Amino acid sequence: MRALIWVAAIVLVIIGVASVLARLWYPAELTFRIEPARNAVMERFGRTDPLASQREAVLQRFEGRYAAHPVVVYVHVIAGGVFLLLLPLQFSASVRRRFIRLHRWSGRLLLVLAIPATITGLWFGVLMPISGAGEATVIALVAAFFVVSLTRAFRAIRRGDVAAHREWMIRAASVAFGVSLVRIAGVVVDFALTPRGIPMTQLFVLAMWSGWLLTTIAAELWIRRTRNVEAPMRMKRAAAAAVLLLVLAFPAQANEKVLETMDTTRLYEQNGHSPSHCSG
């Protein structure tokens, strides 16, 4: 399962970084560059757009926001792209064990990058949404969840609560990964629902809800799945550290204490205690 999660995360990072590079290359005309390929696929599979005559006007409004504020576009995509690139490092156990200072400084950098990425995202999504209140609502809610998650993650690690820090960082990561999944959802809803005559602006909102809800649900399921595993692992590591200190400090009494500790651990496991009993 962990390998599958990592593969999914890497795929979403690649999609996100590719989107960043494409937007940097075509800051105010990206959708128009993609449109011929999209139309070719739709035609290949016999998908017709009853509202095709309105599509260009919507795209003009969409790209017009970026054309009018190029600096904001660059700040948003660069900050967001670097954030997405650094994010997997925060969840790498080997990086945390071998390069703890890198882990800490990259975490601080993520907090800094989140500020311009969030502000510029709100600038476009809330102040000038092409899909009206529906787009503004989802952007505002997602941004609030992102800020709360990062804030609580930071406060948790400051007080030494590593478990809570990890969980809130996973929630924050679900928002960043969700940006990439929104793009996948956009392709799916466009292909499936455009022939039904649903306006492009409504499909855009549906794609945003779909992408972010899926990553948020996945994050919560992963948190609950791993929460029941992490607690006993931490207990075993603590017990091992305590035994090592005992051996170093009191060699004469070490054998007796080690055997006592092993018996206690074996009794704990034989009693059938579930990991969840340790976490709560």
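Me: Which residue forms a salt bridge with Glu63?
Reply: This is a predicted model, where local features need pLDDT of at least 70, side-chain atom pairs count only at pLDDT 80 or more, and totals for chains, interfaces and linings use all residues. Residues are numbered from 1 along each chain as its sequence is written, and side-chain values use heavy atoms, with hydrogens and water left out. A salt bridge is a side-chain nitrogen of Lys or Arg within 4 Å of a carboxyl oxygen of Asp or Glu. The closest N and O atoms are 2.8 Å apart, and the partner of Glu63 is Arg23.

Me: How many residues apart in sequence are the parts that Glu63 and Arg23 tie together?
Reply: Helices are DSSP runs (H or I, at least four residues; strands are E, at least two), numbered from the N terminus. Glu63 lies in helix α3 and Arg23 in helix α1, so the pair ties together parts whose separation in sequence is 40 residues.

Me: Are Glu63 and Arg23 buried or exposed?
Reply: Buried means under 20% relative accessible area, exposed over 50%, partly exposed in between (1.4 Å probe, protein chains only). Both Glu63 and Arg23 are classed as buried.

Me: What is the relative accessibility of Arg159?
Reply: Arg159 meets Asp161 in a salt bridge at 3.8 Å, N to O. Asp161 is partly exposed, at 30%. Arg159 counts as exposed, because its relative accessibility is 56%.

Me: In which helix do Arg224 and Glu220 lie?
Reply: Their side chains meet in a salt bridge, 2.6 Å from N to O. The two residues are four apart, about one turn, and both lie in helix α9.

Me: How many salt bridges are there by this rule?
Reply: Some share partners: Glu35, Arg38, Asp49, Arg55 and Asp190 are joined into one network. By this rule the count comes to 11.

Me: What is the angle between the planes of Tyr66 and Phe124?
Reply: Rings of Phe, Tyr and Trp (its six-membered ring) pair if their centres lie within 6.5 Å; planes under 30 degrees apart are stacked, over 60 edge-to-face, the rest tilted. Phe62 and Tyr66 are edge-to-face, 5.3 Å centre to centre, with planes at 90°. They are four residues apart in helix α3, so about one helical turn separates them. Tyr66 and Phe124 are also edge-to-face, with centres 5.0 Å apart and an angle of 80°.

Me: Which residues are linked into a cluster by ring pairs?
Reply: The whole structure holds five aromatic pairs. Tyr66 and Phe124 are both buried. The residues linked by ring pairs are Phe62, Tyr66, Phe124 and Phe204.
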